[in-house]
Amino acid sequence: MVNVVDEQMVNQVAFSGKGDGDSDGRGTSDRPRAGYELPLLLFAGFRTLIDDVHAELARQGHPDARPAHGFALQAIGLDGATASDIARRLGISKQAAGKTVDRLVALDYAERVDDPADARRKLVRLTARGHDVLARSAAIFDRLRAEWATVLGEEQLRAIEDGLSAVVAPGAFRLDAAGWIGGMG
């Protein structure tokens, strides 16, 4: 990994990636590791998976699906949710949740319906298209995991997954990543 500043004066950490080792030619296994590399590699792995999922979703008929939509669709859930529930689950403001729901409705991933438990409230539910994008995403993630297992070996991939499971904080798997990263909510 090398810390570089691009032509727009944006600080970036660059590494060769995909098993090529570092640009210094020493590979990755015998050199000391800087603490900042771990979160960057974890994020780069996450970003690689998410970008690959969305490229494939676009090929499969969902060109407007965005990563934030996936979090929002998960926040809606199979039983539906109010906009306030979605905002709380995502860690964003009610206004931001309303805009997100508007976009999901415009893309036909969700719909607003009367809440059968309270006629004064609207419930946001997944449409057939919303269920479809989630099902396709799950299948694509399974395929990508299998590709990673081919590259790394199933045993090593399971060791990575098990290791991460051992160190992540209890309750760390939450849908409010967008709000957490953006400092919203």
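Reader: Where is I140 found?

Author: I140 is found in helix α5. Helices here are DSSP runs of H or I with at least four residues, strands are runs of E with at least two, and both are numbered from the N terminus. This is a predicted model, in which local features need pLDDT of at least 70, side-chain atom pairs count only at pLDDT 80 or more, and totals for chains, interfaces and linings use all residues. Residues are numbered from 1 along each chain as its sequence is written, and side-chain values use heavy atoms, with hydrogens and water left out.

Reader: Is I140 buried or exposed?

Author: First the scale: buried means under 20% relative accessible area, exposed means over 50%, and partly exposed lies in between, with a 1.4 Å probe and protein chains only. I140 has a relative accessible area of 2%, so I140 is buried.

Reader: What does I140 touch, not counting residues up to four places away in sequence?

Author: Contact means heavy atoms within 4.5 Å. By that test I140 touches V53, E56, L57 and Q60. Take V53: I140 and V53 are 87 residues apart in sequence, yet their C-alpha atoms are 6.1 Å apart in space.

Reader: Where is the place of V53, and what does V53 touch beyond four places in sequence?

Author: V53 sits in helix α1. V53 is buried too, with a relative accessible area of 2%. Its contacts, leaving out residues up to four places away, are S137, I140, F141 and L144.

Reader: At what angle do α1 and α5 pack?

Author: Start with the method. Axes are lines fitted to C-alpha atoms, for helices over the stretch in contact, and angles run from 0 to 180 degrees between N-to-C directions. Helix α1 (residues 37–59) and helix α5 (residues 128–152) pack at about 130°, with axes 10 Å apart. Angles under 35 degrees count as roughly parallel, over 145 as roughly antiparallel, 65 to 115 as roughly perpendicular and the rest as oblique. The pair α1 and α5 is therefore oblique.

Reader: Which residues make the contact?

Author: From α1 come G45, L49, I50, D52, V53, E56 and L57. From α5 come V133, R136, S137, I140, F141, R143, L144 and W148. Ala, Val, Leu, Ile, Met, Phe, Trp, Tyr, Cys and Pro count as nonpolar, Asp, Glu, Lys and Arg as charged, and the others, Gly among them, as polar. The contact of α1 with α5 has nine nonpolar, two polar and four charged residues.

Reader: Now α2. Which of its residues are buried?

Author: An α-helix has 3.6 residues a turn, so residues three or four places apart point the same way. In helix α2 (residues 67–76), the buried residues are H69, A72, L73, A75 and I76. Seen down the axis of α2, they fall within an arc of 155°, so they line one face of the helix. The arc is that of the directions from the helix axis to the C-beta atoms.

Reader: What covers the buried residues of α2?

Author: The cover includes α3 (83–90), α4 (94–106), β3 (110–115), β4 (118–126) and α5. Consider α4. The axes of α2 and α4 come within 11 Å and cross at roughly 95°. That makes α2 roughly perpendicular to α4. H69, A72, L73 and I76 of α2 meet T100, R103 and L104 of α4. By class, that contact has four nonpolar, two polar and one charged residues.

Reader: Which value does phi of D108 take?

Author: Most residues other than glycine have a negative phi, and most peptide bonds are trans. Phi of D108 is near 65°, a positive value in a residue other than glycine. D108 lies in the loop between α4 and β3. At 42% relative accessibility, D108 counts as partly exposed. A glycine case comes just after α2, where G77 takes a positive phi of about 75°.

Reader: How many helices and strands has the chain?

Author: The chain has seven helices and four strands. Their pattern along the sequence is β-β-α-α-α-α-β-β-α-α-α. Of the 185 residues in the chain, 28% are buried.
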